[in-house]
Amino acid sequence: MATKKQLAEAISKLNGGQLDLLFEMATCMGSTIKEVVSKDSDILTEEFRANFSNRLLVHHATHEEKFKKKSFEYAFCAASRSAGRQARMTSDPTNPGADVIVEGRSFSLKTEAAAGISENNITISKLMEARWIRDCKSKKDFAQHTLDRVVGHLKKYDRILTLRAFGVEEAHVRYDLVEIPKELLLSISQLKAKDFRKRTAAGGSGATVSFDGSGAFQLRLDGSVEKVTISGLKVSMCVSHGSWKIPTLASRES
């Protein structure tokens, strides 16, 4: 942790413009935020929560734009380290796998921030890239490749989290940290050829995935952009770790 002396020495080296920006950030970090943390969360310890919420504040001290995936990865990794956990980022576009490894456990981190984001249903716009969709010609092909590729991909992870961003009002953003149970997504492994829809003109297909006897979400194999998408995944079937309501630049301008 930086001392006041170290901070003073660092500030003494800044120019006028940098001091203005630092003042904006410090002012924002002093803002009151509304937080809700689940008492059962094993992720949001006090140290993690403090570090992560401050990173959200600092981001919105200079950005109206909501957190994107890479920002979430950096913040999650840094907050994990702040909480005393060994953590490292592993993202590599050429070698898809875990985004962050924490205490030896593989985390897949997603974000959702569409204008029409649903309170009750989660969308994963890219579960994985899937050039193999072009090779599927029949329902049997879609079923076999889904079992081999999608289920195989999911087995690379221990835990899957999504940071959901809502525009609560003009001057605030609400973030929800939700964990999607791995066993819920692995219900994909129960799909049969008959469950898949007829191949589309774009070369894709899809199926309704059930969990505990009821429809849980939609699996879409998008042939036009060659990726796997999840939609309509019920928040009620997931684990809510916490929520933050963060003031944005607009809150200081109003």
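These legends walk through a predicted model of one protein chain, one close-up at a time. Residues are numbered from 1 along each chain as its sequence is written, and side-chain values use heavy atoms, leaving out hydrogens and water. Because the model is predicted, local features need pLDDT of at least 70 and side-chain atom pairs count only at pLDDT 80 or more, while totals for chains, interfaces and linings use all residues.

View 1. The protein chain has seven helices and eleven strands. Both are DSSP runs numbered from the N terminus: helices are H or I with at least four residues, and strands are E with at least two. The C-alpha trace spans about 65 × 40 × 35 Å along its principal axes. Of the 254 residues, 42% are buried. Here buried means under 20% relative accessible area, exposed means over 50%, and partly exposed lies in between (1.4 Å probe, protein chains only). Among contacts with a separation of 6 or more, 64% join residues 24 or more positions apart; a contact means heavy atoms within 4.5 Å.

View 2. Helix 3 covers residues 46–62. Why does its span of 25 Å between end C-alpha atoms agree with expectation? At 1.5 Å a residue, its 17 residues should span 24 Å, so the two values agree. The expected span is 1.5 Å times one less than the number of residues. Look for the buried residues of this helix, including Phe48, Phe52, Leu56, Leu57, His59 and His60.

View 3. Helix 4, residues 69–82, has 14 residues. From its first C-alpha to its last it reaches 20 Å, close to the 20 Å expected. Its buried residues include Phe72, Glu73, Phe76 and Cys77. Just after the helix comes Gly84, with a positive phi of about 85°.

View 4. Strand 3 (residues 100–102) and strand 4 pair in the antiparallel sense over three bridges; two strands pair if DSSP finds at least two bridges between them. Val102 has Arg105 of strand 4 as its bridge partner. Two residues sit between the strands of this hairpin. In the loop between them lies Glu103, whose phi is positive, about 50°, although Glu103 is not a glycine. With 45% relative accessibility, Glu103 counts as partly exposed. Strand 4 (residues 105–112) is mostly covered, with six of its eight residues buried.

**View 5. Arg131 and Glu226 meet across the sequence.** Arg131 is found in the loop between strand 5 (121–129) and helix 5 (139–154), while Glu226 has its place in the loop between strand 9 (214–222) and strand 10 (227–234). How far apart are Arg131 and Glu226 in sequence and in space? They are 95 residues apart in sequence and 5.2 Å apart in space, C-alpha to C-alpha. Arg131 is exposed at 57% relative accessibility, whereas Glu226 is partly exposed at 21%. Glu226 also has a positive phi of about 55° although it is not a glycine.

**View 6. Ala202 and what it touches.** Ala202 sits in the loop between helix 6 (182–185) and strand 8 (205–211). Not counting residues up to four places away in sequence, Ala202 touches Gly223 and Ser224. The C-alpha atoms of Ala202 and Ser224 are separated by 5.3 Å, and the two residues are 22 residues apart along the chain. Ala202 is partly exposed, with a relative accessible area of 46%.
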